[in-house]
Amino acid sequence: MRGRGDRLEAVIADRELDRMLVTDLINVRYLTGFTGTNGAAICGPGIRIFLTDFRYTERAAAEVSGWDCVTLSGDWLGGIAERLTGRVGFEDDHVSVRTLSKLQEKLGEGVEAVPAGETVEGLRRVKDDEELATIAEASKLADAAVKATLEDGFLGKTERAVAAAFEAHVRAGGGTLSFDTIVAAGPNGAQPHAEPGARVIESGELIVFDMGAKLDGYCSDGTRTYATGDPGEEGRRVYETVLAAQQAALEAIRPGEKGEDVDGMARRVIDGAGHGEHFGHGLGHGVGLDIHEGPRLSLRSPDVLATNEVVTVEPGIYLAGDLGVRIEDLVVVTDDGLRNLSSLPKELTYVD
Ligand code: ZN
Ligand code: ZN
């Protein structure tokens, strides 16, 4: 974690800040290693302060290295404020208006709070080797859990039962879920964020199965769409279109490529098949400690891909009241393209 504080120090110097106050717990974890529910980090030139309360003194001692650990009792914001000087960057995308005004009341003379959201998020985009290994491991666990779930079949089961089976397999493998699993059958598949319900899966349906496992705080994310028997000509055609769109986007991924251009590669294929208006979300997103982080692959994303970023590639077509298809891989951007972490086959697979 030590190098991460140094990288943050360089960024805040660039932005002419004297201190950066980090309060978002995922960002605090990224910088310091702390996994508890109350902590903050203050970074500055040669300054590395981690603050928590008495419940976490021991945990901080075990988890945090390279930061001076301080246990605050009583006035939390006051204890933070007295350690801030000059121009202080704060995470305006995470701090509530109320907390900011309380903090400002406690700041000393000449101390100024400056909005500096997305600062640590920017550092989090490019993963180090250990992070990449953990994400790959999480992805492998999720794929194994999908395979185990498929062996028990879909027919006659509720969406909820299939989602629960997946979760049980992930937990048996030592992970947790990186988000609520989506199992959406037939017309439910047309809602990109459908919640698995009591609907019983019938034959001849397409089932969107969007799932991820979490290991050591790191998420995986993947989607496959399965068929319980022939989904009909339209279903097959939509599936092939989504697969071709994904292939086109995967081939475009490399360092220096813009998020909007990679998105455009998939969107062009889907537009060409007459389904432009049925692909209502972005192509993909970064994945790490958060299930959705930078960079974004979407219609107007200015993000430029870099080596060792981890992104999803997940085109979809959603026909309201009828069916949905989404195919999502998790990939690492490499110097000459990508490494695909998703191992599940992508030709249309039939499940009983
Ligand atoms: Zn997903
Ligand atoms: Zn996703």
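This is a predicted model: local features need pLDDT of at least 70, side-chain atom pairs count only at pLDDT 80 or more; totals for chains, interfaces and linings use all residues.
A helix here is a DSSP run of H or I with at least four residues, and the numbering of helices starts from the N terminus. With that settled, I can start.

I will begin with helix α7, residues 129–151. Its 23 residues reach 33 Å from the first C-alpha to the last, close to the 33 Å expected at 1.5 Å a residue. What caps the N-terminal end of α7? That is aspartate 128, with a side-chain oxygen 3.1 Å from the backbone nitrogen of glutamate 130. After the other end of the helix comes glycine 153, and the phi of this glycine is positive, near 80 degrees.

Now to the partner of α7. Helix α8 covers residues 159–172, and the two axes come within 8 Å, crossing at roughly 130 degrees. Angles over 145 degrees would count as roughly antiparallel, and α7 and α8 are therefore oblique to each other. Their crossing is right-handed. On the α7 side, the residues that meet α8 are Leu141, Ala142, Ala145, Val146, Ala148 and Thr149. Facing them from α8 are Val162, Ala165, Phe166, His169 and Val170. Sorted by class, this contact holds nine nonpolar residues, two polar ones and no charged ones.

The second pair is α9, residues 232–252, with α10, residues 259–272. Their axes also come within 8 Å, and the crossing angle is roughly 155 degrees. That makes α9 roughly antiparallel to α10. How is the crossing of α9 and α10 handed, left or right? It is right-handed. From α9, the contact takes in Thr241, Ala244, Ala245, Ala248, Ala249 and Ala252. From α10, it takes in Val262, Met265, Ala266, Val269 and Ile270. By class, that gives ten nonpolar residues, one polar and no charged.

Last, two points about the backbone. Most residues other than glycine have a negative phi, and most peptide bonds are trans. Aspartate 216 is not a glycine, yet its phi is positive, about 50 degrees. Where does aspartate 216 lie? It sits in the loop between β10, 213–215, and β11, 218–219. The other point is the peptide bond from glycine 294 to proline 295, which is cis, with omega near -5 degrees. Proline 295 belongs to strand β14, residues 293–297.

Terms used. Residues are numbered from 1 along each chain as its sequence is written. Chains are lettered from A and ligands numbered from 1 in the order in which they are written. Side-chain values use heavy atoms; hydrogens and water are left out. Axes are lines fitted to C-alpha atoms, for helices over the stretch in contact, and angles run from 0 to 180 degrees between N-to-C directions. Helices (H or I, at least four residues) and strands (E, at least two) are DSSP runs, numbered from the N terminus. Angles under 35 degrees count as roughly parallel, over 145 as roughly antiparallel, 65 to 115 as roughly perpendicular and the rest as oblique. A crossing is left-handed if the near helix is turned anticlockwise from the far one by less than a right angle, and right-handed if clockwise. Contact means heavy atoms within 4.5 Å. Ala, Val, Leu, Ile, Met, Phe, Trp, Tyr, Cys and Pro count as nonpolar, Asp, Glu, Lys and Arg as charged, and the others, Gly among them, as polar. The expected span of a helix is 1.5 Å times one less than its number of residues. A polar contact is a pair of N or O atoms within 3.5 Å; within protein, one must be able to donate a hydrogen and the other to accept it, and residues adjacent in sequence count only if both atoms are side-chain atoms.
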